[in-house]
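This report describes the domains, a sheet with its helices, and the packing of one structure.

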Amino acid sequence: MLKTMMRRAGKCAVVAVAGLMMMSAQAAEPIKIGSFLSVTGPASFLGDPELKTLEMYVEKINEEGGVLGRPLELIHYDDVGNASSARNFASRLIRSDQVDIIVGGSTTGATMAAVPLMEQAQVPFISLAGAVVITTPVKKWVFKTPQSDRMAAERILADMKDRGITKIGLISGTDGFGSSGRTQTLEVAEQMGMEVVADETYSGSDTDMTAQLTNIRNTKGVEAVLNFGFGQGPAIVTRNYAQLGIELPFYQSHGVASDSFLELAGSAAEGLRLPASPLLVPDSLPEDDPQKDVVQNYKSEYEARWDAKVSTFGAYAYDGLMLAVRAIEEAGSTDPEAVREALENIEGYVGVTGEFNMSPDDHNGLTADSFRILEVQNGNWKLID
Amino acid sequence: MLNRFMQSRLRGLMVLALILIILPAFLGNPFHYELVIQMAIIAATVVGLNLLVGFAGQISLGHAGFFGLGAYFTGIATGTYGWSSVPALVVGAIAVGIIAWVVGRPILRLKGHYLSMATLAVGFIIAIILNNERAITGGPDGMPVPALDLFGWELSTFGQYSLFGLDISGVQAWYILVSVVLLLAVWFAQNLIESPIGRALRSVKGSEVAASVVGVDTAKYKSLVFVISAIYASIMGGLYAHFQGFITPAVASFEFSILFITMVVLGGMGSTLGVILGAVVLKLLPQVLADFQELETVMFGLILMLTMIFMPKGLLPTITAIVSKRMRKKAGGEA
């Protein structure tokens, strides 16, 4: 008796839910935004703030009436930092969920694994990963929001040049980020007429870089030291650098531009400089900085919503989503080719990461100036330039 | 006589072929095809690994290394040097076979945990090489692989083809291709098992000492099956690279090796169809659990634990045993 009643109730519920779903489908077809991010796993420090940002702003946009009168629907998968599952989820987004645009790909590996698919399926794709290979050479359907490592190298070397430094010692990680950064630094240095006189590397699992740093110190003519790396390595390099008492100006890359790096490196970080997003110093931006409002709003909204510290990686997702929305609005539809073309022609979008000016030859749209040079003073970031 | 032959060796193959023919009726969209294609590629690899683990009783925790080598060989030969796919796959398989033979001779002298450690190390070394030889492999960021070309046909998953007057999509063409490859892989494996080599291998598994006493050259047979399973992995790795269109050193990673061995254990060591089932289940899991990503590893562990406790022989052998027991009971009751 009870069983039949339960069964009947269940049937009713199913019918009701199905009815509701049909009703909402009739109201307005949502615009589907697909995303695959490394929310868990070794790259979760990228994917987690990115997902939170996307969720929060999709909600916000929907509350404000959506885009083109249609609500946004976010479909996201977690690729656990694994390139082949990133590719599979990208395929699922394209073929099964049939999304209109994809904003995702936390790591360069995940992005590049999905790129051939996007190109073949002709879906606009905004990547959130750094390496320069993603948009150089330009790929028709692929865009990205973070600055490339090449811009970081340009920014650092330009700052060195301003200080009259021409001979540098380089120490980099052997992981993807470090080695790509190393290649870019060597190229940029040559272009700018600077000389890399010492070139050392360390692997991700090394716990002491004293030997490499000693080699650099003993190289004649070194005027400044640059460390291109990600994760734990740079913090160890920084501590070793202080322990060895090296007096030369010390630079880190944008890879460690976060508050957690300051905690890891402690007082050893004092005086070092790095290129970073203005998001680290929202309050010291000058009043006439066009990014000031965007940066402050994003920071306060994110921190209010999630009760967690804002990170520059989440900002890449913010810019990615806003670029997508803007392109769809400008295209007036979700037709892939129209959206792609609108994306390619976006000009003067002021985001958290920088001001984007896309063009058919530049699917990143940022310049090296979008990086700010920060210096660590009294355990805090200080805006230098 | 014929009937008995059919039953023993070909029944499994027929069942598999039937499933592969019927399956497209249940595949709703191209993404489902993609999943099944990947399952078939992984399953064929695991069928090869099962020869080593299930029949010869030797363990390999570094099999993804050979899979990765095959994938990268194909990727580099076709992508960087412009070879066509078939020679790349064949030469890759031969090269990996030779590598397996060279490393297999010394390490297969080891037994038990020591053998596991040695194969583990082989896998690690291959993964490290793929990671560090940036100029050739593209390093940790991986490398793109061109679409498979088969006797002048370029088989892209987004293409459209016509076969015997039927219009088929790229994924369907791939599905047909990997189905044939999987059937060939199973057919070869089952024939090998029933051959004198197979009997020798099983005797090695039973007791290596006894096998050598009755005149089986155990070292030779162990290396042979190690090489065969590595060649399986290499060819399937090459196909996988073509299918994915992009490879990273993760294809040679330790996690991937463990996944392979788990598929063998879960599906049923020594059961060719069983390990295919194992591959299907474990390949499906991440997609089914896509909404509960955190749970994936937990489920993975739980499945392995429950299998070891309740079905030590693996999924398929346990199920068949239960079914045939039921049938016998029923038949007995009626008699």
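## Domains of chain A

In this predicted model, chain A is divided into two parts: domain 1 (30-148 + 294-367) and domain 2 (150-283 + 371-383). The C-alpha centres of domain 1 and domain 2 of chain A are 29 Å apart. Their contact draws 17 residues from domain 1 of chain A and 14 residues from domain 2 of chain A.

On the side of domain 1 of chain A that touches domain 2 of chain A, α4 (108-121), α10 (292-306) and α11 of chain A each contribute at least two residues. The largest share of that side, three residues, is supplied by α10(A).

## The five-stranded sheet

Chain A has an open sheet of five strands, ordered β2-β1-β3-β4-β5, and the pairing is parallel. At the edges are β2 (72-78) and β5 (142-144) of chain A, each of which pairs on one side only. From one strand to the next, the twist averages 25 degrees.

Seven bridges join strand β1 (residues 31-37) of chain A to β2(A) in the parallel sense. A:Ile31 has A:Leu72 in β2(A) as its bridge partner.

## Helices across the sheet

Helix α3 (residues 83-96) of chain A lies across β1, β2 and β3 (101-104) of chain A, at about 175 degrees to β1(A). Helix α11 (residues 312-331) of chain A lies across β1, β3 and β4 (125-127) of chain A, and its angle to β3(A) is about 165 degrees. Helix α11 of chain A is also one of the elements that supply residues to the side of domain 1 touching domain 2 of chain A.

## Helix α7 of chain A

Helix α7 (residues 210-218) of chain A has A:Gln212, A:Leu213 and A:Ile216 buried. Viewed down the axis of α7(A), the buried residues fall within an arc of 95 degrees, so they line one face of the helix. A:Ala211 and A:Asn218, on the other side of α7(A), are exposed.

The packing partners of the buried residues of α7(A) are β6 (167-173), β7 (195-202), β8 (224-228) and α8 (232-243) of chain A.

## The largest nonpolar core

The largest nonpolar core contains 200 residues, and those with the most contacts inside it include A:Met118, A:Ala324, B:Ile37 and B:Val47. Both domain 1 and domain 2 of chain A give residues to this core, so the core lies between them.

Leaving aside residues up to four places away in sequence, B:Val47 touches B:Ala185, B:Val186, B:Ala189, B:Tyr232, B:Thr272, B:Val275 and B:Ile276.

Conventions
Residues numbered from 1 in each chain as written. Chains lettered and ligands numbered in written order. Predicted model: local features only at pLDDT ≥ 70, side-chain atom pairs only at ≥ 80, totals over all residues. Pairing = 2+ DSSP bridges. Helix = DSSP H or I, 4+ residues; strand = E, 2+ residues; numbered from the N terminus. Axes fitted to C-alpha atoms, helices over the stretch in contact; angles between N-to-C directions. Contact = placed C-beta atoms within 7 Å. Core = buried A, V, L, I, M, F, W, Y, C linked by C-beta atoms within 7 Å. Buried ≥ 20, exposed ≤ 12 C-beta atoms within 10 Å, placed from the backbone. Domains from an automatic or database assignment. Arc of directions from axis to C-beta.
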